[in-house]
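Look at the fold below.

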Amino acid sequence: MTTAPPVGEHVEPQVFRHILGHVPTAVTVVTAATGDGPAGLVVGSFVSVSLDPPLVGVFIDEKSASWPPMSRAGSFTVNVLAHDQRELCARFATSSGTGGPAAKFAGLSWWESPHGNPVLPGTSAWLDCLVRQVQRLGDHFFAVAEVVQLGVDASRPPLVFHRGALRTVSAADTPSDGRNQA
């Protein structure tokens, strides 16, 4: 087992990343309707913040080219990718390039959330959110948003990131007594 460094020592970024890689995280695509069309990006750090009111948080890399127009939209949708959506993950994990943020949506079907944000088909779940606060923390922006609409397809296991790779959660990993099922 790797132990913590002695008090006062600097934690090396590579060690920090390695250790946190042992914590599985949901793979999500955050989408928004912007003045220039739809925009989206992969977010690997998505958290539940509060049940009352229902708040979630996403952490966006400060270098993201997609985030600036999205941050002005006032709302976004978190799309929780399903086990078979690795290609969709790759599409939204890339830089927008010369086509701008909307280029990631070329040839992709999607529908509008109640607040007009793109909801990607086939996801495990989606949450339509109103932005309540955005704060810069280290090399990321932390956006806290209130969930106003949501949906789930419990038959679609999620895609997770664990130990440096995309992985799936198998049906054998879910409770057999029906607990925590929507």
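## Terms and model

A residue is buried when its relative accessible area is under 20%, exposed when over 50%, and partly exposed in between (1.4 Å probe, protein chains only). Helices (H or I, at least four residues) and strands (E, at least two) are DSSP runs, numbered from the N terminus.

This is a predicted model: local features need pLDDT of at least 70, side-chain atom pairs count only at pLDDT 80 or more, and totals for chains, interfaces and linings use all residues. Residues are numbered from 1 along each chain as its sequence is written, and side-chain values use heavy atoms, with hydrogens and water left out.

## A covered strand

Which strands pair with E6? Two strands pair if DSSP finds at least two bridges between them. Strand E2 (residues 28–34) pairs with E6 in the antiparallel sense, over 4 bridges. Here Thr 28 has Val 80 as its bridge partner. Strand E9 (residues 125–137) also pairs with E6 in the antiparallel sense, over 6 bridges. In E9, Cys 129 stands opposite Phe 76.

## Two cores

A nonpolar core is a set of buried Ala, Val, Leu, Ile, Met, Phe, Trp, Tyr and Cys residues joined through side-chain atoms within 4.5 Å. The largest one has 20 residues. Val 58, Phe 76, Val 78 and Cys 129 have the most contacts inside it. Elements giving two or more residues to this core include E2, E6 and E9. Strand E10 gives the most, with 4 residues. Apart from this core lies another, of 10 residues, among them Cys 89, Phe 92, Leu 120 and Leu 159.

What does Cys 129 touch? Contact means heavy atoms within 4.5 Å. Leaving out residues up to four places away in sequence, the partners of Cys 129 include Val 56, Phe 76, Val 78 and Val 147.

## Aromatic pairs

Rings of Phe, Tyr and Trp (its six-membered ring) pair if their centres lie within 6.5 Å; planes under 30 degrees apart count as stacked, over 60 as edge-to-face and the rest as tilted. The count comes to 4 aromatic pairs. The rings of Phe 59 and Phe 142 have centres 4.3 Å apart and planes at 15°, so this pair is stacked. Phe 59 is in strand E5 and Phe 142 in strand E10, 83 residues apart. Phe 59 is partly exposed at 27% relative accessibility, whereas Phe 142 is buried at 15%.

Phe 92 and Phe 105 form an edge-to-face pair, 5.1 Å centre to centre with 75° between the planes. Both Phe 92 and Phe 105 are buried. Ring pairs join Phe 92, Phe 105 and Trp 110 into a cluster.

## Salt bridges

How many salt bridges are there? A salt bridge is a side-chain nitrogen of Lys or Arg within 4 Å of a carboxyl oxygen of Asp or Glu. The count is 3. Arg 136 bridges to Glu 62, with the closest N and O atoms 2.0 Å apart. Arg 136 lies in strand E9 and Glu 62 in the loop between E5 and H2, so the pair ties together parts 74 residues apart in sequence.

Arg 156 forms a salt bridge with Asp 84, at 2.5 Å between the closest N and O atoms. Glu 146 and Arg 132 meet in another, at 2.9 Å, N to O. Glu 146 is partly exposed at 21% relative accessibility, and Arg 132 is partly exposed at 49%.
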